[in-house]
Amino acid sequence: MAVRPVPAHGHQSDTSARRPFEPAYLFIANTVAERIGSGEYRPGDQLPTEAELRAEFGVSPMTVRRAISILLDRNLVTTMQGKGTFVRSLELG
C-alpha cells in the first residue's frame, strides 16, 4: 500500500469521512468551506493549488474544478486567472 505524501499546507484529508454516495467534488467543496468557516483559510488567503488539492484528496483535475465551481457559486472564493483561487471577504449587511 503506497503512502501519499502530505501536501505542503499540512493536510492529509480523511476521505473515509466522506458520507456514502456523497460525490468527491461535493466532499472537497464542503471540506474547504468548513476550513473557511473555521478561519483556517481567511479572507484574502490563497487556497491550495489545484495540484495540491488533487494530491490531498486523490482526485482528478475535473473533480477539483467542480469543487471550486461550487465554492464560487456559494460566493466563498474568487479566482484570478493565472494567480489562483482566493477566499472572498465577508460582506456584512
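Phe27 is buried, at a relative accessible area of 11%. Phe57 is buried too, at 5% relative accessibility. In this predicted model, these residues form an aromatic pair, and the structure holds one such pair. The ring centres are 6.0 Å apart and the planes meet at 80°, so the geometry is edge-to-face. Phe27 belongs to helix H1 and Phe57 to helix H2, so the pair ties together parts that are 30 residues apart in sequence.

**Overall fold**

- The protein chain has three helices and two strands.
- Read from the N terminus, the order of elements is α-α-α-β-β.
- The protein chain has 93 residues, and 33% of them are buried.
- Take the contacts between residues at least 6 apart in sequence: 57% of them join residues at least 24 apart.

**Helix H1**

- H1 covers residues 24–37.
- H1 has 14 residues and spans 20 Å from its first C-alpha to its last, close to the 20 Å expected at 1.5 Å a residue.
- Ten of the 14 residues are buried, so H1 is largely enclosed by the rest of the structure.
- Gly39 follows H1 and has a positive phi, near 90°.

**Aromatic rings**

- Rings count as edge-to-face when their planes are over 60 degrees apart. The 80° between the planes of Phe27 and Phe57 is why this pair is classed as edge-to-face.
- Residues count as buried under 20% relative accessible area. Phe27 has 11%, and Phe57 has 5%.
- Phe57 lies in H2, which covers residues 50–57.
- Which residue lies over the face of Tyr25? Arg66 does, at 3.9 Å from the ring centre.

**Strands S1 and S2**

- S1 covers residues 77–80, and S2 covers residues 84–87.
- The two strands run antiparallel, and four bridges join S1 to S2.
- Thr78 stands opposite Phe86, a residue of S2.
- The hairpin of S1 and S2 has three residues between the strands.
- Gly82, in this hairpin, takes a positive phi near 80°.

- Most residues other than glycine have a negative phi.
- Phe21 is not a glycine, yet its phi is positive, about 70°.
- Where is Phe21 placed? It sits in the segment before H1.
- Is Phe21 buried or exposed? Phe21 counts as exposed, at 85% relative accessibility.
- Asn75 is not a glycine either, and its phi is positive at about 60°.
- Asn75 lies in the loop between helix H3, residues 61–73, and strand S1.

How values were computed
Residues numbered from 1 in each chain as written. Predicted model: local features only at pLDDT ≥ 70, side-chain atom pairs only at ≥ 80, totals over all residues. Heavy atoms only, no water. Phe/Tyr/Trp six-rings, centres within 6.5 Å; stacked < 30°, edge-to-face > 60°. Buried < 20%, exposed > 50% of the residue type's maximum accessible area, 1.4 Å probe, protein only. Lys NZ or Arg CZ within 6 Å of the ring centre and 35° of its normal. Contact = heavy atoms within 4.5 Å. Pairing = 2+ DSSP bridges. Expected span 1.5 Å × (residues − 1).
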